[in-house]
Amino acid sequence: MGRGSVKSATMVAIAWRGTAGPVRRRRLPSPVSRLVLPAALLFVLVTGISAADPRPAYLDRPAVIVPPRGYTDRRTYPVFVVLPPTGVHSEWTATRLGLDPARQREFILILPEGRPTREEYLPDFLQFVGWYEERLLRDLDRVLEEYNADPDRVYVGGYSLGGDLSWALAVRNPDRFAGAVVAGSRASHPVDPGALDRLRDREFRGSFMIGNREDPNRYRGINVARMRFDDAGVDHRFREYPGGHVMPETELFQEEIRYITGVEELPPAREPVRVARRAGTGLLGHTSRDRIALRLTVPAAVDDGALTVPGEADIRFRFEWPWSRVYLRTTGGYETATFTTGFRSQRLYQDALLGAGGSRVIYGAGLSWDWWRRFSGGPSEEDDSEGDHSDGGAYETMDVLVMRAARNHRFIPSSRVDPQRVDSLLLLRYGIPRGIGRGVALEQVLNLRAEYLVRIGDRFVVDAGAGSYTVQNRPVESLRDLSDALDHRLQWELGLGVRGPSPLLWRIGYRGIGERPLGEGEFSYGGTWTMTVEYSY
């Protein structure tokens with residue numbers, strides 16, 4: 001019985017006796033009282049014991065220590081602590097990580113006892129970490145005392161709960177561990193900046209592994225952890241593997257163990273066994289990382305109180321890939337537009353951007369160009385000679401692009417951070433003038449547009465744009481005539497997108513345009529609502 005339990009029982013007994021007061025005539029207790037009062041005392045004692053000692057009993061048992069095959073006192077060995085996921089013993093976990101205790105020849109393995117349950121660590125995870133740490137450090141001290149173990153080469157690794165514990169023990173004990181494999185973990189334990197400095201100074205190596213369809217909270221958490229390592233200069237690497245909350249293949253674990261330990265000779269991997277169900281599958285079951293996307297935009301205008309759909313549309317794809325120091329983005333698609341002359345244009349276009357910088361801000365440049373462009377329609381569409389201009393008369397455009405990309409703004413909740421995702425993108429677009437042989441108009445030179453995009457976590461997207469530019473409004477016979485076939489446009493746009501489910505972004509926007517034939521008359525203004533749906537990975 002714990003001290004707290006004895007004290008509680010004693011106080012109850014004292015209180016019971018104390019309430020009686022001085023009594024000249026004492027009645028004998030009734031049979032009911034004789035049963036109720038001892039039962040109450042027994043209940044207090046039992047509940048006191050339970051509340052005073054919620055610590056799992058297996059933490060009182062020493063870990064299993066497995067020396068490598070062929071162990072000898074003539075050399076020193078690195079130590080690897082294997083930490084299990086929920087409901088699994090560490091001995092099974094060691095085989096799954098590629099460190100089969102019966103076959104491996106390189107490490108002294110520490111295999112903690114028990115099969116942890118959610119009820120043991122979820123009420124107070126920090127308390128559970130403290131208990132686990134106390135037990136494990138005693139086991140580690142025993143290994144260093146009884147075996148020929150290298151104290152400077154102690155490693156830890158695990159998946160899910162084992163990954164959570166690996167992260168926690170490494171950052172709480174930066175002078176004890178030389179490396180860690182953190183897999184399938186949200187790595188939520190807080191870390192002191194001074195601990196990161198000590199990890200860097202002792203050349204600690206960390207490996208972060210996560211499924212590409214993992215729960216967003218785990219995905220964000222492990223990325224925040226590796227961002228902390230990146231900012232502190234701690235040696236590490238990050239790896240995504242196919243699936244949700246599912247253990248990676250044994251071969252992948254072994255590659256990461258080789259990376260953090262420098263040990264090359266590991267036993268052949270056994271047939272992998274999955275210990276968790278795969279996350280949602282199918283076209284809508286994954287969590288979008290916003291790397292590859294396909295979108296469709298359809299405009300809607302209000303004309304005389306009625307909703308109409310103009311003959312314009314935009315279908316585009318987007319591919320962007322942010323590394324820690326490099327950012328690559330390209331978009332392309334098919335677009336239709338209508339001009340003051342009544343002609344309509346169709347074009348295939350593409351943008352390409354490449355940037356470089358730090359973990360927070362990246363600068364870059366690129367180009368935008370037309371692959372193909374043509375006109376159709378016009379003021380006399382019934383006339384076949386005027387209605388189809390696919391044989392020429394449309395000139396492709398080219399823009400110069402300059403960008404500034406930023407990550408992890410302060411206004412983004414920490415639970416929504418993705419360290420690699422570009423959270424804001426400012427893009428300046430300058431259209432190179434063409435067909436200025438007959439003189440240059442100022443509007444042709446000031447072909448400048450600005451576009452701005454903000455991703456607020458993985459749920460909302462806000463975008464805006466404004467600019468002044470010229471665009472060809474009808475077919476011409478030669479490039480010399482292009483200056484007389486331009487519309488001058490003043491344009492602005494604002495949009496808001498919401499994700500639900502994660503792969504689908506639903507956006508509504510408003511686009512205002514003032515336009516006129518270049519050098520003629522007043523601007524005519526109009527507005528168009530746009531509706532967009534985007535599917536992304």
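In which sense do strand β2 and β4 pair, and over how many bridges? Strand β2 (residues 77–83) and β4 pair in the parallel sense, over 6 bridges. Two strands count as paired if DSSP finds at least two bridges between them. Strands of a sheet pair through backbone hydrogen bonds, either parallel or antiparallel.

The model is predicted: local features need pLDDT of at least 70, side-chain atom pairs count only at pLDDT 80 or more, and totals for chains, interfaces and linings use all residues. Residues are numbered from 1 along each chain as its sequence is written, and side-chain values use heavy atoms, with hydrogens and water left out.

Start with the whole chain. The protein chain holds 11 helices and 21 strands. Helices (H or I, at least four residues) and strands (E, at least two) are DSSP runs, numbered from the N terminus. Of the 537 residues in the protein chain, 46% are buried. Buried means under 20% relative accessible area, exposed means over 50%, and partly exposed lies in between (1.4 Å probe, protein chains only). Now take the contacts in the protein chain with a separation of 6 or more: residues 24 or more positions apart account for 67% of them. Contact here means heavy atoms within 4.5 Å.

Next, the sheet. An open sheet is formed by 7 strands, in the order β1-β3-β2-β4-β5-β6-β7, with mixed pairing. Its edge strands are β1 (64–66) and β7 (235–241), and each pairs on one side only. From one strand to the next, the twist averages 15°. Angles run from 0 to 180 degrees between N-to-C directions, and axes are lines fitted to C-alpha atoms, for helices over the stretch in contact.

Walk along the strands. Strand β4 (residues 149–159) is mostly covered, with 8 of its 11 residues buried. Leu 83 stands opposite Gly 158 in β4. On β5, the bridge partner of Gly 158 is Val 182. Strands β4 and β5 run parallel and are joined by 5 bridges. Further on, 7 bridges join strand β6 (residues 205–211) to β7, and these two run parallel. Gly 211 has Tyr 241 in β7 as its bridge partner. Helix α8 packs on the sheet, where it touches β5 (179–183), β6 and β7. The direction of α8 makes about 160° with that of β6.

Helix α8 also meets another helix. Two packed helices are described by the angle between their axes and the distance between the axes. The axes of α7 (residues 193–201) and α8 (residues 216–232) come within 10 Å and cross at roughly 65°. Pro 193, Leu 196, Leu 199 and Arg 200 of α7 make the contact with Arg 228, Phe 229 and Ala 232 of α8. By type, these residues are 5 nonpolar, no polar and 2 charged. Here Ala, Val, Leu, Ile, Met, Phe, Trp, Tyr, Cys and Pro count as nonpolar, Asp, Glu, Lys and Arg as charged, and the others, Gly among them, as polar.

What about the interior? In soluble globular proteins, nonpolar side chains tend to be buried together. A nonpolar core is a set of buried Ala, Val, Leu, Ile, Met, Phe, Trp, Tyr and Cys residues joined through side-chain atoms within 4.5 Å. The largest one has 47 residues, and Leu 83, Ile 110 and Phe 229 are among those with the most contacts inside it. Helix α5 (residues 125–146) gives the largest share of this core, 9 residues. Apart from it lies another core of 25 residues, including Phe 107, Ala 183, Tyr 241 and Ile 257.

Some loops deserve a look. Most residues other than glycine have a negative phi, and most peptide bonds are trans. Ser 160 sits in the loop between β4 and α6 (161–172), and its phi is positive, near 60°. Glu 203 lies in the loop between α7 and β6, with a positive phi of about 60°. Are these two buried or exposed? Ser 160 counts as buried because its relative accessible area is 11%. Glu 203 counts as exposed because its relative accessible area is 66%.

Last, a cis peptide bond joins Gly 500 and Pro 501, with omega about -10°. Pro 501 lies in the loop between β19 (486–499) and β20 (504–517).
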